[in-house]
Amino acid sequence: MRRTLTMAAVVAALLVPAGPLPVAEAVGGAVPVAVGRWSAREAQAFWTAERMASAAPLPPGPPDSADPAPPELPEPQELPEPQEPAEPVEPVEPVEPAEEIPVATRPPTPTGLPLPAPARAAVAPLPALTPGIGQNFDGIPVAGRMFLVKDGGAYFCTASVVSSPGRNLVLSAGHCLLGSDTQQVAFVPQYTRAKPQPYGMFPVLRDAGGHSKIWIDPRYRSQGVDRAATLDVAFAQVGPNSRGFPVEAVVGGNRLVTGAAYAQARVTLIGHPASAARPRVCVNRTTKFTSADARIPGSFLRINCTGYPGGTSGGPFLTRYDARTGTGDVVGVIGGWKTGGDKADTSYSSYFGADIRKLYEKAVAGAKAGR
């Protein structure tokens, strides 16, 4: 779902080991889902291990003009380039899980008693890393794949949990989730082909009209993925897993940081390459990249890390990664300039400034209102 693809690359992206992607009839023939309904159990029945394994990265394209944009954010004529501040803004502090999740948020047991609070996911240490060299690894609980159906095909990108009061927000790239036909969306933390659902599946909720609860800046929808590349960010509200637990209570959440410097000394980059059975990790510094292409204006974070092709869109840029909790400060996601870059060994992110902070606050308010 990232990179500017040649025609040959597009064709290649649409091919999987088991053959071409499912067509609309095949995808829609699994489990019928009523408008406005999309639970963890329905998501698990639809997104079988075979379907997840056959999903491909979504080739970037223009936004769907029929996709409604949230009315609250105005649409200026020009996108201002974010300014790098001298001091970073304070991060959003993570919300610690309560000792006991309210009974109302969980399905009752056969005896009517509440389920016990979930044990926090175990975090394995990262492999030994050489700066700039990506390695496949078993992943971290807070990051995973976001699966979706679009244009009759099964696709995925990378996403991660961002800490929020409702413990139910996931962060990805805007170009991953554009389009009014983006349906059957579900987040799977720490997906690997060998263990496709280690912590269950968290469906992206739908509103009363049947639309997935996704927040993308309306300028990104209206001006397109190039002109508004500095706004290539999306937040999505996910429901609980089949045991009734919110995602952040199970796997933790990264702290959203806006207003940080473009240049960071050490960033941990996580992504799910389309061709790999496991995710990929890399550490390196970031630099500021200012586009010289008038069609893609703005400045972006840039990082050199080998082996991040299609599928890694939406992967988090993490600073201050804590090996104990498996979380960090998220300062970017793979996307932005050419939806993340046109080479697998260099990745980009939209700058997380005031616009992204405002979008996050809108998602928090929207998720709270929709409970």
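Trainee: How many residues are in the largest nonpolar core?
Mentor: This is a predicted model, and its largest nonpolar core has 53 residues.

Trainee: Which residues have the most contacts inside it?
Mentor: Those are Met-146, Leu-177 and Phe-235.

Trainee: What does Met-146 touch, leaving out residues up to four places away in sequence?
Mentor: Its partners include the aromatics Tyr-155, Phe-156 and Phe-187.

Trainee: Switching to secondary structure: how many helices and strands?
Mentor: There are 7 helices and 18 strands.

Trainee: I was looking at β14. How does β13 run against it?
Mentor: Antiparallel, with 6 bridges joining β13, residues 264-271, to β14. Gly-271 has Arg-280 as its bridge partner in β14.

Trainee: Which residue of β14 stands opposite Asn-136?
Mentor: Arg-280 again. Strand β4, residues 135-136, is joined to β14, residues 280-290, by 2 bridges, and the two run antiparallel.

Trainee: What about β15?
Mentor: Strand β15 covers residues 299-304 and is antiparallel to β14, with 5 bridges between them. Thr-286 stands opposite Ile-303 there.

Trainee: Last one: what share of contacts between residues at least 6 apart in sequence joins residues at least 24 apart?
Mentor: That share is 75%.

How values were computed
Residues numbered from 1 in each chain as written. Predicted model: local features only at pLDDT ≥ 70, side-chain atom pairs only at ≥ 80, totals over all residues. Heavy atoms only, no water. Core = buried A, V, L, I, M, F, W, Y, C linked by side-chain atoms within 4.5 Å. Buried < 20%, exposed > 50% of the residue type's maximum accessible area, 1.4 Å probe, protein only. Contact = heavy atoms within 4.5 Å. Helix = DSSP H or I, 4+ residues; strand = E, 2+ residues; numbered from the N terminus. Pairing = 2+ DSSP bridges.
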